[in-house]
Amino acid sequence: MALQNTNPTTTASWSKLQNHFQEMQNASMKAMFKENKSRTAEFHIQWNDFVVDYSKNIINKETMNLLLELANESQLKDAIARYFDGDIINQTENRAVLHTALREKETTVVKVDGKNVIPEVFEVKIK
């Protein structure tokens with residue numbers, strides 16, 4: 001089954017983001033850090049030693065909430081799950097995408113239509 005094909009620019013959340021942009025376009029980064037002493041802590045992601053600090057972008061909590069609203073309205077979480085589950089989402093070629101299978105270990109099981117595709121992936125990698 002194909003993924004839902006939603007043009008994000010037609011969603012209600014996109015319209016809210018456009019309005020929010022108008023409010024934020026003249027915001028001062030210096031003022032944002034001055035007003036929020038914990039800005040760096042609030043606007044970063046850390047996984048082990050890997051840190052993504054997005055505090056130095058013209059965003060605030062409302063921006064993040066609106067972006068999450070857009071992701072939800074576009075059913076992004078479902079699309080990601082279907083991608084990793086091996087669903088047939090490539091409409092052009094009528095097959096699963098599974099680029100991630102190329103990065104898996106040979107002992108990993110990744111199924112498409114109930115069949116583990118990893119042996120085929122490793123066969124192709126070796127050739």
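Two strands pair if DSSP finds at least two bridges between them. Helices (H or I, at least four residues) and strands (E, at least two) are themselves DSSP runs, numbered from the N terminus. In this predicted model, β1 and β2 form a hairpin with two residues between them. Strand β1 covers residues 44–47, and its pairing with β2 is antiparallel, over four bridges. Ile45 stands opposite Val52 in β2. In the turn, Asn48 has a positive phi of about 55°.

Some ground rules apply. The model is predicted, with local features needing pLDDT of at least 70 and side-chain atom pairs counting only at pLDDT 80 or more, while totals for chains, interfaces and linings use all residues. Residues are numbered from 1 along each chain as its sequence is written, and side-chain values use heavy atoms, leaving out hydrogens and water.

Along its principal axes the C-alpha trace spans about 55 × 40 × 20 Å. Of the 127 residues, 24% count as buried, where buried means under 20% relative accessible area, exposed over 50%, and partly exposed in between (1.4 Å probe, protein chains only). A contact means heavy atoms within 4.5 Å. Among contacts with a separation of 6 or more, 38% come from residues 24 or more positions apart.

Helix α1 takes up residues 12–24. Its 13 residues reach 18 Å from the first C-alpha to the last, close to the 18 Å expected at 1.5 Å a residue; the expected span is 1.5 Å times one less than the number of residues. The buried residues of α1 are Ser13, Leu17, His20 and Met24. Seen down the helix axis, they fall within an arc of 60°, so they line one face of α1. The arc is that of the directions from the helix axis to the C-beta atoms. An α-helix has 3.6 residues a turn, so residues three or four places apart point the same way. The cover over the buried residues of α1 includes α2 (29–35) and α4.

Asn60 caps the N-terminal end of α4, with a side-chain oxygen 3.0 Å from the backbone nitrogen of Glu62. After α4 comes Gln75, whose phi is positive, near 60°.

Between β2 (50–53) and α4 (61–73) runs a loop that holds Ser55. Ser55 is buried, with a relative accessible area of 0%. Its side chain makes a polar contact of 2.6 Å with that of Asp53. A polar contact is a pair of N or O atoms within 3.5 Å; within protein, one must be able to donate a hydrogen and the other to accept it, and residues adjacent in sequence count only if both atoms are side-chain atoms. Leaving aside residues up to four places away in sequence, Ser55 touches Met29, Phe33, Arg39, Thr40 and Phe43.
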